[in-house]
Amino acid sequence: MLLSDFTVQNVAAGAALLGVTSGVLGAFAVLRGQSLLGDTLSHAALPGICLGFIIAGSRHLPSLLLGALAAGLAATLLMFLLDHYSRLKTDAILGSVLSVFFAVGVVLLTWIQGQAGTAHGGLESFLFGQAAAILRGDLLLIGSITVAALALVSLFLKELKVTVFDPVFAATLGYPVALIQAVMTMLVAVAVVVGLQLVGVVLMAAMIIAPAVGARQWVNRLEHMLLLAAVLGAVAGVSGALVSSAQRGLSTGPVVVLVACGIAFFSILFAPGRGVVWERQNRWRSSRRLRTRQLLTTMLRLSQEHSDSDYATEEGMLNAYMGLGTRRALRRLESDGLIKHVVHMPEEGSHWMLTGAGREAAERVLRELGRQ
Amino acid sequence: MRAIVVLMALLLSGAASSRMQIVTTTAMIADVARAVAGELAQVRSMMGPGTDPHLYQATPSDIRALQGADLILYNGLLLEGQLGEVLGRFGELKPVIKVVEASMPADRILANSGLAEGSADPHVWMDASLFSLVAPGVADALAGLDAGNAAVYRANADAYVAQLEALHEWIAHSIASIPEEHRILVTAHDAFGYYGAAYGIEVAGIQGLSTETEAAVADIRETVDLVVELSVPTIFVESTINPRTIEAVIEAAQSRGHSVSIGGELYSDAMGAEGGHEGTLIGMLRHNTTAITESLGGEVAQWPAALADWAREWNLP
Amino acid sequence: MAGGSGRLGKGVEPAVRHEPDLAVHVEDLTVSYHSAPVLWDIDLDVPPGVLAAIVGPNGAGKSTLIKAILGLIRPAAGHVYVLGRRIGSVRNRVGYVPQRSTVDWDFPTTVIDVVMMGLYGQLGWIRRPGREHRRRSLAALAQVGMEDFATRQISQLSGGQQQRVFLARALVQDADLYMLDEPMAGVDATTERIIIDLLRQLVARGKTVLVVHHDLQTVTDYFDWMLILNVRVIAQGPVGEVYTGENLKAAYGGRVALLRDAGTKPAGK
């Protein structure tokens, strides 16, 4: 039983925490239309990690994560300034901050690499994560960060809700909207810090987006979306951890991300009400229903015109009216008992006649139409 | 006419008085080059202590050094994983030697027992006697560039080989003193294959031959199983690798009731601080052997007389 | 209107109240965007209890004026006093109904949730809306004829229904001054009727209502006070006095056809 193994437990727990945090905190970024914020802040974390290492002089994890958080704060500040004082649009701001910070990070990383001294080995593991090496102490650290962040969200849920939905209205109520938005951005930086060790800088963006996008497809209220995003994130984390533990040569971080994205894509395609497949099916069903109603009313009108309640319409004529083949729809109406197949003379082809029930149905349709 | 003669004399004297420039990738190869060339060449290694050669990428100053080099030496066997293209290009411009391929017989190269069948283990410097085979090849290359000093290079090479042979004996004796049930060397990655084969000690690494891929959960678990089953008392971190993987193994073993300690930091893919005795190949292997032997319950052998001068040079007992 | 703890919209109460008899008093207001003037030297005095329209061509600065009055934009010059005070201390007495397009209607929330947002200002930080707040929100929805839609997802609403939800959100605040930005643009006839009836009721109860209105043709039917704006104030005052061909031509540059004038003699001729 995989889960009884100490290492697997650690990795699964860490991945679950990552899933919960990035699901909940990422939801706000997604709803604000800033899905790539996760990408920006996770790439921005790299120089922070390097600076944290340079200042602390060692690979002490809390210092590195603190550095990552500080870099996230600096990036948030820069984005805010660019937004308010320049003409750049949001996507350009996100892109430029991402590139600048990441470039600085790579320069710092190679500089550290070139330094004498032996303490810097393994900083590159933050690029793609090293989930397998997670320690119980790390779990304590990221666990407390998770609890604190979730508590914050829970306490200030209505402030966050109104600021995302209608920031201008929130300002008229007197809320410090810019501050709340900055806090929301910092929360994404916190999620990034939690996930850095597990999935690394490059893939973190997917974890911010995927669980939230998946959750949105199934529910219609913010509170439910946050809950479901947490659940989907945790599921992705734990299953990713288990799958990667079962096989040699599978890195945990990328597998977790793959599962999360798989869940998101499944939700996009198959969720009832919003899913692509569902919508297509719905449209198809609607047009089918429309066709049968048109057939009924056409047949009714024809029989009215001929003043013959037992008037039998030739199928070819119906085809001409509808502009397409009606056989399947006619068969459906027949099996519903609304029309009857009639043969006048063998060489004349199929004729169809309304039954009593069919007549009633057709009249009902016309009444509804007349009402609209 | 006189001006041309003076100019040519200046140029020639300039060429003769400046030393040869040798550039190597790892410090271990630089150590050999320094021993063979002595004062006659200036040796520079691209990678320093703590640098992982599997991941290292060339910097602009490295390229400049390579451009100014008279001879380039590198390990090969995919050790310098990210430098293949750079070294290949320079191979067309300058004398470049892949020291392992050039000096070592194919049957002494260990194969990779892990996933990537068919590739070889590049960590040849861990076997002092095997690695000493590099020295004569370097001497020949230098002789080819500077025939006047050929005898010097050859003599230096012979002296160096003698030192490494003495070291080889010393390591073998030291390791042999470890009680058999503890003669297992567990490290962060499979860098000690040649060490294990040459000196009679079992080796196991959490990660495989290269650190380019991250350690997987299965890697940790396998190592934990090994450590617990064989009751390994001590495992070792490496200077170029984040110690977390080792710490994770220790924690996991602890949870299964087996206490493991860290026996020390070994030099695997890089040596110690430059300018210090652990920044030399002999010093590096001496440090490793001492740490391994003493942590696993053995006793280091008497330091050989052939290396007494070396010890005195570094003010060591 | 009682003061309460935990409210937002603090702010130092000035010792002297400015023009307490005016609903809105604007002095020398200038707003620029990248050094191009959007509002220039605006002087505006809106008396209390009027149903006022703000009209002007596109780019006249109408929405900007509303936002400046609400303190959402910092002016380059000038002062704004709302209900005799600076906006910061009377936020709970001002209700704002923005344009529908400012919001993503795909946001996961229900109609009643949106209306309850109007009460957040009174709740302050952290406190959640309770049963009483829910009851008041339902009452506001009933006023706009949307009480059956309370639990509906907002993405399922038509344009007119969305507008009514926004209106309910402002109503629930029980404010003294309401500011609406093009509330009747692009809505069905039923919604338009409901909105204007509601606005009239508010005015009848003594509230002041300011509406950025999109349709010149209906100004005289709906409003009793108006401001004609085109970066500068063209004219302000009771509709009967201000709604003239001359004023409108000055604002719109002669491209305006008035149904009212068709077949009648122009004033003064």
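This report describes the chains, contacts, sheets and cores of the structure shown above.

## About the model

This is a predicted model, in which local features need pLDDT of at least 70, side-chain atom pairs count only at pLDDT 80 or more, and totals for chains, interfaces and linings use all residues. Residues are numbered from 1 along each chain as its sequence is written, while chains are lettered from A and ligands numbered from 1 in the order in which they are written.

## How the chains meet

Two pairs of chains are in contact, and of these chains A and B share the most contacts; here two residues are in contact if their C-beta atoms, placed from the backbone, lie within 7 Å. Chain B and chain C, by contrast, do not touch, and their nearest C-alpha atoms are 39 Å apart.

Between chains A and B, 32 residues of chain B are in contact with 34 residues of chain A. On the chain B side, α10 (217-229) and α11 (244-255) each supply at least two residues, and α11(B) gives the largest share, seven residues; helices (H or I, at least four residues) and strands (E, at least two) are DSSP runs, numbered from the N terminus. By class, this side of chain B has 13 nonpolar, 10 polar and nine charged residues, where Ala, Val, Leu, Ile, Met, Phe, Trp, Tyr, Cys and Pro count as nonpolar, Asp, Glu, Lys and Arg as charged, and the others, Gly among them, as polar. Between chains A and C, 21 residues of chain A are in contact with 20 residues of chain C. The side of chain A that touches chain C divides into 13 nonpolar, three polar and five charged residues, and α7 (157-165), α8 (167-172) and α10 (222-246) of chain A each supply at least two residues of that side.

## Two domains in chain B

The domain assignment of chain B gives domain 1 (20-103 + 110-166) and domain 2 (169-313), with bounds that come from an automatic or database domain assignment. The C-alpha centres of these two domains of chain B lie 24 Å apart, and 30 residues of domain 1 of chain B are in contact with 32 residues of domain 2 of chain B. On the domain 1 side of this contact, α2 (27-37), α6 (128-131) and α8 (150-176) of chain B each supply at least two residues, with the largest share, four residues, coming from α8(B). By class, that side of domain 1 of chain B has 15 nonpolar, 10 polar and five charged residues.

## An enclosed strand in chain B

Strand β7 (residues 234-238) of chain B is largely enclosed by the rest of the structure, because five of its five residues are buried. A residue is buried if 20 or more other C-beta atoms lie within 10 Å of its own, exposed if 12 or fewer, and partly exposed in between, with C-beta atoms placed from the backbone. In a regular strand the side chains alternate between the two faces of the sheet. Both faces of β7(B) are covered, with Thr234(B), Phe236(B) and Glu238(B) buried on one side and Ile235(B) and Val237(B) buried on the other. Four bridges join β7(B) to strand β8 (residues 261-266) of chain B, and the two run parallel; in β8(B), Ser261(B) is the bridge partner of Thr234(B).

## A sheet in chain A

Chain A has an open sheet of three strands in the order β1-β3-β2, with antiparallel pairing, where two strands pair if DSSP finds at least two bridges between them. The edge strands, each pairing on one side only, are β1 (312-314) and β2 (339-342) of chain A. The twist averages 35° from one strand to the next. Four bridges join β2(A) to strand β3 (residues 351-354) of chain A, and Lys340(A) stands opposite Met353(A) in β3(A). Helix α13 (residues 315-322) of chain A packs on the sheet, touching β1 and β3 of chain A, and its direction makes about 65° with that of β1(A); axes are lines fitted to C-alpha atoms, for helices over the stretch in contact, and angles run from 0 to 180 degrees between N-to-C directions.

## Nonpolar cores

In soluble globular proteins, nonpolar side chains tend to be buried together. The largest nonpolar core has 270 residues, and those with the most contacts inside it are Val36(B), Val138(B), Val249(B) and Ala52(C); such a core is a set of buried Ala, Val, Leu, Ile, Met, Phe, Trp, Tyr and Cys residues joined through C-beta atoms within 7 Å. Helix α9 (residues 177-216) of chain A supplies the largest share of this core, 25 residues. A second, separate core of 15 residues includes Met299(A), Leu330(A), Ala361(A) and Ala362(A).
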